[in-house]
Amino acid sequence: MTHRTTQDEQGSTWSATTKTLPPARIQPATLGATITHGGVDFAVAAPSAYSVELCIFKDAGRQAIEDRYLMNQHEGGIWSAHLPGASIGTLYGYRVDGDWNPDAARVFNPNKLLLDPYGKGVEGEVLLDPAIFAHETGDDLTPVKPFKFSTVDSSTHTGRSVVVGTSDFAVADKPRTPWPETVIYELHVKGFTKQMQGVPAELRGTYAGLAHPAAISHLKALGVTAIELLPIHAKWPEPFLVEKGLTNYWGYSTLSFFAPEPSYATKQAQQLGAQAVLDEVRGMVSILHEHGIEVLLDVVYNHTCEGGIDGPSLSFRGFGQDLYYRHTTQHPVTMIDETGCGNTVNFDEALIVQMTLDSLRYWSTEVGVDGFRFDLASTLGRHATGFTSRHPFFVALAADPVLSKQKIIAEPWDIGPGGWQTGNFPLPWSEWNDRYRDTIRSFWLADFANLEAGRPSQGPNELATRISGSADLFGQTLGHNRPVRSSINFITAHDGFTLADLTAYNHKNNFDNLEGNRDGTTQNLSWNHGVEGHMKRIPRRAADNRNTALVMLDSVFYARERSMRNLMATLLISAGTPMITAGDEIGRTQYGNNNAYCQDNVISWVNWDMDSWQHDMFDSVRYLIALRKHHPVMRPCSFASGEISAGDEIRDLSWYTAQNKKFKPEDWHKVKHRTLQMLRSGASCGDSDMLVVFNATLNSKLVTLATGRGRKYRLVFDSSWTNPNEGGAVSATDHSYCDVAEPGTSVHIEPQSLQIYLTE
């Protein structure tokens, strides 16, 4: 039994007695808190520590009595203890003693209570205060230089880890939707249902709210097959946001890689504790599975909420700053920041790779999710010498019998040297295709702004490459062919303008972020259609037809809506896996904020109070998704060769001018060929052929339809229609009222629009 003297936040000294415990009964490599017969085994990694204490709390209060137990050291820097009588709901943390040498990235401080890096539940808030820093700070939280050891105890200003057990119900089986049929819908757990009228008030903005019939009804009516949740790992906002009265709404500031964020749970679950919060998450996943909807998690393993060298000591840093984070090699060391968030998790360390894999397996098996989107994934493939496609983490994930079967998606860049790695991730990865995003935005928006202003614009060369699956990025990489699904095609995501704002703003409007509108990208590739900003549509009376201003505004509204339909239609006829951002299907606005990460309010929440044009927009998007589902020609499974396949009469993919002439190499860069046709054969998938006619000009055109195999074409979509019913489309399977055209005949196409034809 040992004795330690410490100070509370007022500086008064008090004593704590440390007891001893037997080692864990399980293999010490099984990290975290594991319920066993008669108690709980605790194990944690701290290879450079002198000693580790397990701290047990009698209740959740900040002044709760704390019992401390010395842990037992094992090979590899693992520390363990078995606590008889402990069970589900036990509140705990750790204190770690070791070197105090900030110049060498050693900042061990036993006065700081640490959350378990493997903790599966978190209770209590972390409060921004000098007490949570391992070093002394001034009142403004800047460190006293040189760094000095803090003797203030942090337990009254931080949360507790919580022992959770196996839930008493199984998650419904995973839908395992094939990649070619997958349509991803990116959403925020809170923002999606916070204003959804059909969800009971007490469930809005929660995990349970996302599983409510009203929420599921929208997802199923839209036709998406998978939801991709912005981070739901427990989080803590950056201090500079807290000081401004803001928060990290998006959640890219991870406090725990195993515990779900408690604030997204219902109040009842929060009051019942971490086990109830976890059960609510698992229940949400299970109900979505029952409706055939997969659940993908956006995960942030590239950095943590502990920030840079002067950040707080909440968990990881206290077990070994040099273990968890990358540093320079000179003395004194500085932290390497390849994420823009102050620190970079050190994937050169086997313990870090192990922790990440363990976390992914836990969410895949115990929670039951179907896959992951990795934030700044290039960081996960970095050695000190740079990124490699054959990083041990990638190899281990591909060889893992559980994770290799999940949907694995990369955001394939970070801000470090050589950080842009689109196309360089090995199987089973798919990747966000930023080249696709920028090309489609440019073709339908930025280029139009140039045309309208009389400035030079580009031809269709890049468009054709992106619509066809981006074979230049994914076709032949890493010594093998990657599948078409490797390209995650998207126009918008959480980060940037919404679809509606792309058509309404030339410039960002981020003043609510309190950074003087300096944050967020200026490269939006948007087009406001002549009027800057979001506008409420004004109902028109018959007499208003003579009002020139109202007529002009009405034309702007119509042009914006048509641009949104152009973008959505292009997305859903492109080879690859489409991703839609929540609310884009109803024209959601963020009022020009293209970096709304700190806006936990109506700026970010989906507004379900819709005007008639928004209902029309929804009908158009769900119709396109259903059309894609029923016609595999819209979602090819392989890259086109441009050749005639065995048993077919036409090339698998061919491009024509408006005059029904096959494209020549010199045609691709000419602006006059922004009116063009794409013919995709459906023979290989037993489907109709698809002809898409693009008119990306400011004038209406006459187009001579491509001859193809000589079959009649039926016009199944025209972006100039305000609603599919306007063109006679009763449903995705009933086009009997749609116009029919003979190949080789001339058809009229409106300016700034596209048409989709299927052969009879």
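How many helices and strands does the secondary structure of the chain come to? In this predicted model, the count comes to 15 helices and 31 strands. The radius of gyration of the chain is 28 Å, close to the 27 Å that the globule rule gives for 760 residues, so the chain is as compact as a globular protein of that length.

**Overall dimensions and packing**
- Taken along the principal axes, the box filled by the C-alpha atoms of the chain is roughly 95 × 60 × 50 Å.
- Of the 760 residues in the chain, 61% are buried.
- Among the contacts in the chain with a separation of 6 or more, 71% are accounted for by residues 24 or more positions apart.

**Helix α9 and its surroundings**
- Helix α9 spans residues 392-399, and within this helix Phe393, Phe394 and Leu397 are buried.
- Viewed down the axis of α9, these buried residues fall within an arc of 95°, which means that they line one face of the helix.
- Val395 and Ala399, by contrast, lie on the other side of α9 and are exposed.
- The cover over the buried residues of α9 includes the helix α8 (350-365), and it also includes the strands β17 (371-374), β19 (386-387), β20 (407-410) and β21 (429-432).

Methods
Residues numbered from 1 in each chain as written. Predicted model: local features only at pLDDT ≥ 70, side-chain atom pairs only at ≥ 80, totals over all residues. Heavy atoms only, no water. Helix = DSSP H or I, 4+ residues; strand = E, 2+ residues; numbered from the N terminus. Rg over C-alpha atoms; globule rule 2.2 N^0.38 Å. Buried < 20%, exposed > 50% of the residue type's maximum accessible area, 1.4 Å probe, protein only. Contact = heavy atoms within 4.5 Å. Arc of directions from axis to C-beta.
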